[in-house]
Amino acid sequence: MIKITGSTHSGRVRDHNEDAFLIDESRGLAVVADGMGGHASGEVASKIIVDTFSHVDRVSNDAGSSANLANTLLVAHTAIVAHAHAHSECKGMGATVVAVQADAQAYRIAWVGDSRIYHWHRKTGLQQVSRDHSYLEYLLASGEIEPEQARNHPQRNVVTQALGLNKPQPDSLSRAWQPGDRLLLCSDGLSDELDDAQIEALLVGNAEIEPAVAALIEAALNSGGRDNVSVVLLENRALENQALENQFAPTDEDSAQSSWQNRSWWSEWWPLFAGTGAALLFGAVAYFIF
Ligand code: CA
């Protein structure tokens, strides 16, 4: 089973929230979209993306490959462009997005822009899986700046791709993951405020994913909250199911039930038998001694 939870906050500076997210736990599907554009049209773009995913999810049973996730992003792109053509106030709107679809063994992702996905494993720690489509990533890849210079770079929010603008080329990939692993999807409102070590500390410090999401958003707000912030967390709970199955494993369901009943009966009455036995023994010993 995949457990998923998420939350979004407009932040401490912006008066509206242009982020949107989608969670479908039954299919292991999650999406975070970060809209941009004047006159609140960023909200429209990010909503079109999550609506597209929920629609595809309903009509198709085959949204689960990374290629299909990328195709769904292109469907959303076309829908954003069409909406902008029909509504002049939405001209120039766009959105970055990251989408994931996971089962117990593997997860598939697709993304456009600088919305990110991280993978946390208890031994290898936190690793960013997506590579931003951003000017900063280009500078890093070409060696023009060092990672330490990236955090406060004046152009750190310049994306080179977004849905709704030009011709986006979604990246996609698949990875294996293990029981207990977590996936974190976020908008740049989180990754701009917190570095990887801060994010990892809050993941490790919270045994459950709901309080982890709340703690991450609170930390981003306390760090400035300069942008809308969205966080979605997935946890691989396959081991939990397996442990549960092992616990109630006997192949014959009836024998399992009857052995459980016998044990329950014995566990309730053994103090009485033990007490009676001890009293008889004490009586016999006392009789022979005195
Ligand atoms: Ca943002």
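# Exercises on a predicted model

Asn 17 is placed in the loop that joins strand 1 (2–9) to strand 2 (19–24); helices (H or I, at least four residues) and strands (E, at least two) are DSSP runs, numbered from the N terminus. The structure is a predicted model, in which local features need pLDDT of at least 70 and side-chain atom pairs count only at pLDDT 80 or more, while totals for chains, interfaces and linings use all residues. Residues are numbered from 1 along each chain as its sequence is written, and side-chain values use heavy atoms, with hydrogens and water left out.

**Exercise 1.** Describe the surroundings of Asn 17.

*Solution.* 
Step 1. Leaving aside residues up to four places away in sequence, Asn 17 touches Thr 8, His 9, Ser 10, Glu 43 and Asn 228; contact means heavy atoms within 4.5 Å.
Step 2. With Thr 8, the side chain of Asn 17 makes a side-chain polar contact of 2.9 Å. A polar contact is a pair of N or O atoms within 3.5 Å; within protein, one must be able to donate a hydrogen and the other to accept it, and residues adjacent in sequence count only if both atoms are side-chain atoms.
Step 3. A polar atom of the Asn 17 side chain also lies 2.9 Å from the backbone nitrogen of Asp 19.

**Exercise 2.** Identify the protein donors of the calcium ion and locate Asp 34 and Asp 227 in the chain.

*Solution.* 
Step 1. Donors are N, O and S atoms within 2.8 Å of the metal (3.2 Å for Na, K and Ca); water is not among the atoms, so sites may look incomplete.
Step 2. Asp 34 belongs to strand 3 (residues 29–36), and Asp 227 to the loop between helix 7 (209–222) and strand 10 (229–236); the pair links distant parts of the chain, 193 residues apart.
Step 3. The sequence spacing of the donor residues is D-x153-D-x38-D.
Step 4. Asp 34 and Asp 227 are both buried, where buried means under 20% relative accessible area, exposed over 50%, and partly exposed in between (1.4 Å probe, protein chains only).

**Exercise 3.** Examine the salt bridge between Glu 210 and Lys 3, then that between Arg 237 and Glu 208.

*Solution.* 
Step 1. A salt bridge is a side-chain nitrogen of Lys or Arg within 4 Å of a carboxyl oxygen of Asp or Glu. The count by this rule is 11.
Step 2. In the salt bridge of Glu 210 with Lys 3, the closest N and O atoms are 2.8 Å apart. Because Glu 210 lies in helix 7 and Lys 3 in strand 1, the pair ties together parts that are 207 residues apart in sequence.
Step 3. Glu 210 is partly exposed because its relative accessibility is 34%, whereas Lys 3, at 19%, is buried.
Step 4. Arg 237 and Glu 208 form a salt bridge of 3.2 Å, N to O. Arg 237 is in the loop between strand 10 and helix 8 (238–247) and Glu 208 in the loop between helix 6 (196–204) and helix 7, so parts 29 residues apart in sequence are tied together.
Step 5. A network of salt bridges links Arg 182, Glu 208, Glu 235 and Arg 237.

**Exercise 4.** Classify Asn 166 as buried or exposed.

*Solution.* 
Step 1. Asn 166 is found in the loop between helix 4 (147–150) and strand 8 (171–176).
Step 2. Asn 166 counts as exposed because its relative accessibility is 73%.
Step 3. The phi of Asn 166 is near 50°, a positive value in a residue other than glycine.
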